[in-house]
Amino acid sequence: MLEPLVGVGPLRFGMRPDEVTAALGEGTPSVTHHADTGVGSAQYTNWGVTAVYGEQSQLVAVKVDAMGGPRVTLRGVDLVARVPSEVRSDIDCLAHQDGVCVRVNWSGDPEVPAWGVSMGAELEFEVLPRQYVHRTDKMISSALFVSSDLAENPYASEPVVRWCDVSTEEPNPGAWPVKAESDRPLWEWRPLEGVGPLRFGMDPDQVAAALEDKPAARHGRYPYGTSWEGVGEWMLHDDRFDAVGVTAHYHYGFGFPPVLGAVTVHGRTGPQVDFDGMPLIGKKVSTIDKALIERADNGEMGLLVGCNFDLGPDGLNMYVRAVRAGDGVVSEARFCQAEWEDHG
């Protein structure tokens, strides 16, 4: 049960790490330390819970996973592992009764500062016989619960921002429109060489010229991390082109300029790309996964599993990904050159 701004289940904000571990009864959490701060965060896998600690090593936030997390209720309303829109509706009703404000957070989900609640959603997986895990086409709700000091803006507050930095994510207003198939241009994919008008090895100016668009957002970093932010040459990671519906990812490093190494075609808004007659973009992820697995089982190709169980044909360095579309997901894809190692 959630006690707003006080705690959730057996956990109370202000607890020390050893007290949290004792309350959960899990002996060896996965701990992440952050420079010049307290403990950082500890992931309790068996519980599906992450504890986030402040500078004095006190518990200030608890993240409950959609998959594997405990049931959390607020006045009889289940908050976790449900259809996100149904949770939103129930939260709106409770907030109206309390006379408190519900707003939309960075992910497009409800956030209630008066309760220290910021909702989220994660892809649902199913485990089949022999422990085979596969993706569904559904999103289910997760939640972040925080103490009063962080409640006004949880994901922009220390130490949550160090544990989960969402500054590079595209803010969502709470709507996930999906472009109709008839409105998507068809792009040709040349495995390991490029996709559409983009060729691997282009510099950022050439990418923008080929797309006839300017980046809606640019993401990069300085080479020395947070404590040395602003020192050294800023290195470009990726450019997001919203009008076209793609993100360009760049090779970068000391002493050489960024060059195009991979392209993500967005599932909700991007152009269509075919693989051997199979449309890859804006479709049911489970349908594409099934088709790829069948081709692999028939010996037509090998199959690789990437991050988040993304599937791709062996040797082509392409992975079919899942992107949220409200309560469900649609397919998108990342196309890479041979040397690109995809980590997310």
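**Charged pairs, buried and exposed**

Author: A network of salt bridges (each a side-chain nitrogen of Lys or Arg within 4 Å of a carboxyl oxygen of Asp or Glu) links R135, D289, D310, R321 and E332. The model is predicted, so local features need pLDDT of at least 70 and side-chain atom pairs pLDDT 80 or more, while totals for chains, interfaces and linings use all residues. Residues are numbered from 1 along each chain as its sequence is written, and side-chain values use heavy atoms, without hydrogens or water.

Side chains of opposite charge can pair when their charged atoms come close. The structure holds 23 salt bridges, and three of these pairs can be followed one by one.

In one of them, the side chains of R103 and E111 meet with 3.0 Å from N to O. R103 has a relative accessible area of 24%, and is therefore partly exposed, whereas E111, at 4%, counts as buried; these words mean under 20% for buried, over 50% for exposed and in between for partly exposed, with a 1.4 Å probe and protein chains only.

Another salt bridge joins the side chains of R190 and E188, with a distance of 3.9 Å from N to O.

Where in the chain do R295 and D276 lie? Their side chains form a salt bridge at 3.1 Å, N to O, and the pair links distant parts of the chain, with R295 in helix α5 (residues 285-297) and D276 in the loop between strands β22 (272-275) and β23 (278-279), 19 residues apart. Helices (H or I, at least four residues) and strands (E, at least two) are DSSP runs, numbered from the N terminus. R295 has a relative accessible area of 17% and so is buried, but D276 reaches 60% relative accessibility and therefore counts as exposed.

In α2, which spans residues 84-98, the residues P84, V87, I91, L94 and A95 are buried. On the other side of α2, H96 and Q97 are exposed. The residue that follows α2 is G99, and the phi angle of G99 is positive, near 70°.

Terms used: Expected span 1.5 Å × (residues − 1).
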